[in-house]
Amino acid sequence: MMRFAALLVLLLAATPAAAQDPLAAVAGEVRAGLEAHKTAFLADSLPAPELRSAVEWLEAQYARAGVPVRIDGKAEFDAYYMSMMFATVPDSQFVRMPENDGRGRTAFLAAWLAKMYPLSPLPFSREAWRAAGSGAGRERYRMFKELRERVTFEGMTVADLEALLGPPDRTVGGELAYRLGPGLGIMDLDELRFGVAGGKVTGHRIVTQRV
């Protein structure tokens with residue numbers, strides 16, 4: 001009976017650790033897929049169908065790893081690609097990585113993304129958005145990812161847009177521009193620009209600028 005109880009304790013202790021590290025079971029397979037998609041990562045840009053295919057594949061790998069993400073554009077694809085590369089290095093390298101805290105590959109991947117490439121959506125608030133305008137972080141970028149899921153900008157009046165986001169940081173060729181913070185490149189800055197005609201928003205885009 002004591003032997004059975006000890007075995008049960010060991011099994012219960014082992015199960016959560018395995019469940020918390022789904023990436024460990026598929027790391028080799030995911031790594032091989034990353035190598036096969038290296039040309040997409042190395043390309044300066046991709047035609048829309050190729051980018052969509054590469055993004056869908058990489059999002060599927062993150063879902064398998066237990067870290068679901070939504071990838072927006074080539075710059076985010078590159079950041080998520082590199083993060084997964086670091087998380088799937090061979091065991092002999094993984095155990096020596098300074099960021100490895102012993103919790104496994106899935107925890108490493110989530111922590112790496114939060115520290116190096118904060119891309120996940122943040123709840124939007126007018127106060128936080130306006131406070132982040134002069135900051136050096138990516139809070140505005142992340143808040144916009146959350147906001148656009150529930151707000152339709154096209155057709156909105158400029159007055160309503162400014163009531164939501166505040167006055168633009170600048171006007172560029174007739175577009176209203178808001179700073180989003182550092183881009184994913186070392187010397188990049190992201191800016192959210194709204195096209196306007198007849199006092200209404202006609203569309204929006206994120207522009208990455210090299211400084």
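Reply: This is a predicted model.

Me: Which residues make the contact between α2 and α5?

Reply: On the α2 side they are Leu23, Val30, Arg31, Leu34 and Glu35, and on the α5 side Tyr81, Met84, Met85 and Ala87. Sorted by class, seven are nonpolar, none is polar and two are charged.

Me: What makes α2 roughly antiparallel to α4?

Reply: Helix α2 covers residues 22–36 and helix α4 covers residues 48–64; they pack at an angle of about 160 degrees, with axes 9 Å apart. The cut-off for roughly antiparallel is over 145 degrees, so α2 is roughly antiparallel to α4. This crossing is left-handed. From α2, Pro22, Val26, Glu29, Val30, Gly33 and Leu34 take part, and from α4, Trp57, Leu58, Gln61 and Arg64. The contact of α2 with α4 has six nonpolar, two polar and two charged residues.

Me: What meets what between α4 and α5?

Reply: Leu51, Ala54, Val55, Leu58, Gln61 and Tyr62 of α4 meet Gly73, Lys74, Phe77, Tyr80, Tyr81, Ser83 and Met84 of α5. These divide into nine nonpolar, three polar and one charged.

Me: How do you know that Ser83 is buried?

Reply: Ser83 lies in helix α5. Buried means under 20% relative accessible area, and Ser83 has 0%, so Ser83 counts as buried. Leaving out residues up to four places away in sequence, Ser83 touches Tyr62, Leu109, Trp112, Leu113 and Tyr117.

Me: Why is Leu42 called exposed?

Reply: The cut-off for exposed is over 50%. Leu42 has a relative accessible area of 58%, so Leu42 is exposed. Leu42 belongs to helix α3, which covers residues 38–42. Leu42 and Asp78 are 36 residues apart along the chain, and 8.4 Å separates their C-alpha atoms.

Me: What makes Glu50 partly exposed?

Reply: The relative accessible area of Glu50 is 48%, so Glu50 is partly exposed. Glu50 is in helix α4. Its C-alpha atom is 8.0 Å from that of Ala40, 10 residues away in sequence.

Me: Why is helix α9 called mostly covered?

Reply: Helix α9 covers residues 139–147, and seven of its nine residues are buried. Each of those seven is therefore under 20% relative accessible area. They are Arg140, Tyr141, Arg142, Met143, Phe144, Lys145 and Leu147.

Me: How do you know that Asp72 is in contact with Lys145?

Reply: Contact means heavy atoms within 4.5 Å. Setting aside neighbours within four places in sequence, Asp72 is in contact with Lys145 and Arg148. Asp72 sits in the loop between α4 and α5. From Asp72 to Arg52, 20 residues apart in sequence, the C-alpha distance is 9.7 Å.

Me: What is there to say about the whole chain?

Reply: The protein chain has 10 helices and four strands. In sequence order the pattern is α-α-α-α-α-α-α-α-α-α-β-β-β-β. The chain has 211 residues, and 40% of them count as buried. Its accessible surface comes to about 11700 Å², with 60% belonging to carbon and sulfur atoms. Among contacts with a separation of 6 or more, 48% are between residues 24 or more positions apart.

Key. Residues are numbered from 1 along each chain as its sequence is written. This is a predicted model: local features need pLDDT of at least 70, side-chain atom pairs count only at pLDDT 80 or more; totals for chains, interfaces and linings use all residues. Side-chain values use heavy atoms; hydrogens and water are left out. Helices (H or I, at least four residues) and strands (E, at least two) are DSSP runs, numbered from the N terminus. Buried means under 20% relative accessible area, exposed over 50%, partly exposed in between (1.4 Å probe, protein chains only). Accessible areas come from the Shrake-Rupley method with a 1.4 Å probe; for residues, only the protein chains shown count as cover. Axes are lines fitted to C-alpha atoms, for helices over the stretch in contact, and angles run from 0 to 180 degrees between N-to-C directions. Angles under 35 degrees count as roughly parallel, over 145 as roughly antiparallel, 65 to 115 as roughly perpendicular and the rest as oblique. A crossing is left-handed if the near helix is turned anticlockwise from the far one by less than a right angle, and right-handed if clockwise. Ala, Val, Leu, Ile, Met, Phe, Trp, Tyr, Cys and Pro count as nonpolar, Asp, Glu, Lys and Arg as charged, and the others, Gly among them, as polar.
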